[in-house]
Amino acid sequence: MSKIILTGDRPTGRLHVGHYVGSLRRRVELQNSGEFDDIFIMIADAQALTDNADNPEKVRQNIIEVALDYLSCGLDPAKSTLFIQSQVPQLTELSFYYMNLVTVSRLQRNPTVKTEIQMRNFETSIPVGFFTYPISQAADITAFKATVVPVGEDQLPMIEQTKEIVRKFNSVYGEVLVEPEVLLPSNKACLRLPGTDGKAKMSKSLNNCIYLSDSNEEVRKKIMSMFTDPNHLRVDDPGQVEGNPVFIYLDAFCRDEHFERYLPDYPNLDALKAHYTRGGLGDVKVKKFLNNVLQEELEPIRQRRKEWEKNIPEVYRILEEGSKRAEAVAAQTLAEVKRAMKINYFEDQELIAEQAKRFGEQ
Ligand code: TRP
């Protein structure tokens, strides 16, 4: 069986380092591993509109931001198909048929949808489109017969929902759809990188994100003012590394070779953590190290972004080409789906002959 990746992001803002360690970095590695037959990376604008219906301009502006973030991280249009969800109408059509396979109570139990409803104060008036977006996400994944979906932890319930739809569809209509596997980050820090203020969620409104497109100076300032262990007041005090954002970021980003380059007094992160826990290691020193590590990782991304920013029409062209290619693939799956569902009347010569005979006999 072919190995196919589909994943994507809502274009509601620039992508940050949480997106990077949670999924983007992995996507680029998978892309360059050569192990996959096809890779689809989608800018989920239709999904973004399910809770931004009155703010289409925000979605429109952020499409290019996300595309630039993708390209600057190393997603390569020659190897991965980058496309825009709304430009592939087959996805909407598939969603409509999948809706018959899912119950309202099943959607109401989806934990991610539940939290999002609370976060958006939708409790009393949930837009139907928003409520059903897990179904549309199943269409995104199955339209490309994706076998692997690299995403962050919050997307697990969506993949579960997709698997259920696939099983139900295949049992009712015959084996057409492919059950996907989720691919989560292997390291706990990457599963959920906290905000620079220590809050669990990074969000634009909390102003606690480090963006991939931040300048060197912006990143440095954000790191130097990062929340740490609040009880580590003096250098000599013993410090806590668990739940300490500076150390969580180091868990996500630093490798032993970074110590040779920037902090040769320590062989590795465990040694640094041990010293911090014992006491005698100041926050500023650790933050400076984190700054060096993060700048090293972000600098090539920034450089590539600068290059792509000089050629915005080319970026739109890449998305247009990608969307055409994605549409062609989704159209094939849709045709198979309609055949299986017996709603392919005009290509079904047998049906036409059968009906002609039935009426002829009368
Ligand atoms: N829900 C994802 C997000 O919030 C975006 C998305 C839409 C997606 N469709 C998808 C991710 C299909 C993986 C697979 O960013």
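Predicted model: local features only at pLDDT ≥ 70, side-chain atom pairs only at ≥ 80, totals over all residues.
Which residue does the side chain of R305 meet in a salt bridge?

1. Residues are numbered from 1 along each chain as its sequence is written, and side-chain values use heavy atoms, with hydrogens and water left out.

2. The domain assignment divides the protein into domain 1, made of 4–192 together with 312–352, and domain 2, covering 216–308; such bounds come from an automatic or database domain assignment. Between the C-alpha centres of the two domains the distance is 35 Å.

3. Where the domains touch, 18 residues of domain 1 are in contact with eleven residues of domain 2, contact meaning heavy atoms within 4.5 Å. The size of an interface is often given as the accessible area lost when the parts come together. Here domain 1 and domain 2 bury about 1300 Å² between them, with 63% of it on carbon and sulfur atoms; this is the accessible area (1.4 Å probe) that the two parts lose on being put together, summed over both.

4. To return to the opening question, the side chain of R305 meets that of D69 in a salt bridge, at 3.1 Å from N to O. This pair links distant parts of the chain, since R305 belongs to helix α15 (residues 283–309) and D69 to helix α3, 236 residues apart. A salt bridge is counted when a side-chain nitrogen of Lys or Arg lies within 4 Å of a carboxyl oxygen of Asp or Glu. R305 also meets E65 in a salt bridge, with 2.9 Å from N to O. Between domain 1 and domain 2 the count is three salt bridges, and there are six residue pairs in polar contact, both residues being at pLDDT 80 or more.

5. On the side of domain 1 that touches domain 2, the elements giving two or more residues are α1 (17–33), α3 (56–73), α10 (188–191) and α16 (312–340), helices here being DSSP runs (H or I, at least four residues) numbered from the N terminus. Of these, α3 gives the most, with six residues.

6. The ligand is surrounded by 14 residues, of which the closest are M42, Q47, Q137, D140 and Q155; a residue counts as near if one of its heavy atoms lies within 4 Å. A polar side-chain atom of Q47 lies 2.7 Å from a nitrogen atom of the ligand. For Q155, an N or O atom in the side chain is 2.9 Å from a ligand nitrogen atom, and for Q137 the corresponding distance is 3.1 Å.

7. K145, in the loop between α8 (133–143) and β4 (148–150), has a phi near 50°, a positive value in a residue other than glycine. K342, in the loop between α16 and α17 (349–361), has a positive phi near 60°.

How values were computed
Polar contact = N/O pair within 3.5 Å; in protein donor to acceptor, adjacent residues only side chain to side chain.
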